[in-house]
Amino acid sequence: KKMSSPVVRRLSIPECILLVTQRITKYPVLLQRILQHTKGNILKYFMTENEEDHADVTQSLKLVKEVIAAVDNKVNEHEKKKRLKEVYSRTDSKSIMRMKSGQMFAREDLLRGQKLIRDGPLQLKNSAGRLK
C-alpha cells in the first residue's frame with residue numbers, strides 16, 4: 001500500500017533511506033551558497049535583521065555539519081560491529097588461547113563488550129612457534 005503512494009515513487013524502503021542520507025550531505029553546500037550570496041547584500045537591507053538571518057544560517061550550517069558527523073560516526077560504528085560479528089562467525093567455536101597475560105581468550109570474548117579497532121590479517125604463534 002505504501003509502495004503505491006506517489007510520495008515514494010515506487011522506491012523500496014532502503015532506497016528511500018538512501019535518498020534522505022544523500023540529501024543531508026547537500027545541506028552544507030546549500031547553506032554555504034546562501035551565506036556567500038547574502039554577505040554582499042547586507043547593506044541593502046536593515047542591518048540588524050540581515051545580521052540575525054546571517055547568524056541563523058551560520059548556526060544552521062554548523063548544526064548540519066555536526067549532524068552529518070554524528071551520522072558518519074554511527075554508520076562507522078555499525079559497520080565495525082557488523083565486521084566483528086562476521087569475524088566471530090568465521091572463528092572456530094572450539095578455539096581457546098592463553099594470552100601473554102595468562103588470561104584465556106575464547107571466541108565468545110569477541111562479542112563481550114569488545115570493540116573492533118583494527119581490521120586485517122592476523123597470525124598467531126602456537127606453542128611450537130609456528131604461525132597460524
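Colleague: What share of the contacts in the chain with a separation of 6 or more comes from residues 24 or more positions apart?

Modeller: That share is 37%. A contact needs heavy atoms within 4.5 Å, so each pair behind the 37% meets that cut-off. Keep in mind that this is a predicted model.

Colleague: How do you know how far to trust the chain, going by its mean pLDDT?

Modeller: The mean pLDDT is 78. The scale of confidence runs from 0 to 100. In the chain, 83% of the residues reach 70 or more. Local features need at least 70.

Colleague: Which elements have the lowest and the highest mean pLDDT?

Modeller: Helix α1, residues 13–24, has the lowest, at 72. Helix α3, residues 47–90, has the highest, at 84.

Colleague: How many of the residues count as buried, as a percentage?

Modeller: Of the 132 residues, 12% do. Buried means under 20% relative accessible area, so that 12% falls below the cut-off. The chain exposes about 11800 Å². Carbon and sulfur atoms supply 57% of that area.

Colleague: What lines the largest pocket?

Modeller: The lining has 26 residues. Val87, Phe105, Leu110, Leu122 and Leu124 lie nearest the centre of the pocket. Elements that give two or more residues are α3, β1 and β2. α3 gives the most, with 4 residues. The space in this pocket is about 1000 Å³.

Colleague: What makes Lys80 a lining residue of the second largest pocket?

Modeller: A lining residue has an atom within 4 Å of a point of the pocket. Lys80 is listed in the lining, so Lys80 meets that cut-off. The lining also includes Asn73, Glu77 and Leu84. By class, this lining divides into 3 nonpolar, 3 polar and 5 charged. About 210 Å³ of space lies in this pocket.

Conventions:
Residues numbered from 1 in each chain as written. Predicted model: local features only at pLDDT ≥ 70, side-chain atom pairs only at ≥ 80, totals over all residues. Heavy atoms only, no water. Buried < 20%, exposed > 50% of the residue type's maximum accessible area, 1.4 Å probe, protein only. Areas by Shrake-Rupley, 256 points an atom, 1.4 Å probe, with all protein chains shown as cover. pLDDT = per-residue confidence, 0-100. 1 Å grid on protein atoms, 1.4 Å probe; cavity = no way out; pocket = protein on both sides within 12 Å on 5 of 7 lines; lining within 4 Å. Points joined across faces, edges and corners; volume = space filled by probe spheres on them. Nonpolar A, V, L, I, M, F, W, Y, C, P; charged D, E, K, R; others polar.
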